[in-house]
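I opened this entry to record what I looked up in the structure. My notes follow in the order in which I made them.

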Amino acid sequence: MSPYYLSTMEKLKIAIQKSGRLYDDSVKLLKDCGIDLKNGVNKLKAECDNFPMEIYFLRDDDIPQYVEDAVADIGIVGENVLYEKNKKAVIVEQLGFGKCRLSVAVGRNESYEGVEYLRGKRIATSYPVLVQQYLDKHGVPAEIQEISGSVEIAPGIGLADVIVDLVSSGSTLFMNGLKEVETVLRSQAVLVRNEQLGAEQQRLLEKFLFRIRAVKKARNNKYVLLNAPNDKLSEIVGMLPGMKSPTVLPLAEAGWSSVHSVISENDFWDIIEKLKGAGAQGILVVPIEKMII
Ligand code: PRT
Ligand code: ZN
């Protein structure tokens with residue numbers, strides 16, 4: 001085996017979106033995992049100095065195929081694209097960004113009372129496979145018009161009665177006189193892998209995943225420091241989860257302690273309110289960079 005061949009075998013090849021809504025978050029995830037990309041000249045491929053990884057920049061629609069064919073070992077892609085393309089790629093981890101829903105939308109003034117409304121209608125979408133599955137599941141036949149972009153204008157120009165498109169804030173639908181009536185799929189970016197990774201790629205993936213999980217945990221938690229009067233200490237400590245249990249240190253001022261803990265983003269405001277109510281002061285909230293339990 002030539003040294004060149006060996007060096008290419010030992011890298012984990014990842015496919016990410018070349019530009020678009022997943023690009024920034026995908027690159028940020030790699031950076032937060034301590035992986036420094038050396039930007040390729042034409043940005044089709046990048047290498048890394050400090051992790052055996054090679055990054056391919058592709059259209060998101062092509063990523064499932066590249067992973068199925070093992071051109072890339074792993075990839076970052078929206079679940080919506082993954083399920084629509086129906087390729088053999090295994091989901092390894094949900095990444096918590098690129099969140100959206102694939103929704104059915106109709107004219108704002110239509111009286112919509114349920115999926116039966118769709119029977120015999122013309123539905124414009126870029127997701128014919130997922131829409132067909134949805135119609136079959138509900139036993140409602142309809143005509144699917146596949147279009148690749150600007151789906152939201154289809155009803156206005158008489159191309160369709162209904163659309164099924166991705167929605168995040170809902171403002172595109174609103175601006176086009178449409179309302180969201182059903183959710184076909186909830187989606188977010190996921191890390192996928194080829195079905196049969198080699199042992200070395202599997203080992204590198206485990207290493208990468210360990211870092212991803214530490215980054216995700218850190219993003220979902222905050223480090224909280226506060227001052228508590230000692231007579232309220234046990235009540236305040238009881239409100240805080242902490243990784244094992246909160247850290248309590250005496251302050252220079254008699255009768256007060258400093259309490260340190262980690263709070264989940266989800267419960268954050270509830271707990272902070274309770275802490276204040278119980279007499280906590282000088283509450284500082286600090287982002288966590290990595291969190292390994
Ligand atoms: O060039 P390439 O093929 O790679 O990119 P693309 O144009 O096909 O995809 P891109 O970059 O638009 O989206 C990439 C992925 O981001 C999608 O496959 C989803 O997984 C995810 N995502 C998250 C979204 C949205 N949110 C989203 N809101 N993709 C598209 N939209 C569009 C939607 O189609 C509609 O036009 O945004 C509009 C609606 O947004 P709101 O906020 O007005 O509701
Ligand atoms: Zn695309």
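Predicted model: local features only at pLDDT ≥ 70, side-chain atom pairs only at ≥ 80, totals over all residues.

I found 22 residues around ligand 1. The closest of them are Asp61, Asn80, Ser169, Gly170 and Thr172.

For Ser169, I noted 2.6 Å between a side-chain N or O atom and an oxygen atom of ligand 1. For Asp61, the corresponding distance to an oxygen atom of ligand 1 is 2.8 Å. For Asp60, a side-chain N or O atom lies 2.9 Å from an oxygen atom of ligand 1. I then checked how much of the ligand is covered: ligand 1 taken alone exposes 840 Å², and the protein buries 78% of that area.

I turned to the zinc ion (ligand 2). Which residues supply its protein donors? I recorded Asp60 and Asp61, each through OD, at 2.0 to 2.1 Å from the zinc ion. The arrangement around the zinc ion is irregular, because its 4 donor atoms subtend angles of 74 to 172°, whereas a tetrahedral site would need all angles between 85 and 135 degrees.

Last, I consulted the domain assignment of the protein chain. It gives domain 1 as 3-97 + 189-218, domain 2 as 100-187 and domain 3 as 221-287. I noted 48 Å between the C-alpha centres of domain 2 and domain 3.

Conventions. Residues numbered from 1 in each chain as written. Chains lettered and ligands numbered in written order. Heavy atoms only, no water. Donors = N, O, S within 2.8 Å, 3.2 Å for Na, K, Ca; no water. Tetrahedral: all angles 85-135°; square planar, octahedral: opposite > 155°, others 65-115°. Domains from an automatic or database assignment. Near = heavy atom within 4 Å. Polar contact = N/O pair within 3.5 Å; in protein donor to acceptor, adjacent residues only side chain to side chain. Areas by Shrake-Rupley, 256 points an atom, 1.4 Å probe, with all protein chains shown as cover.
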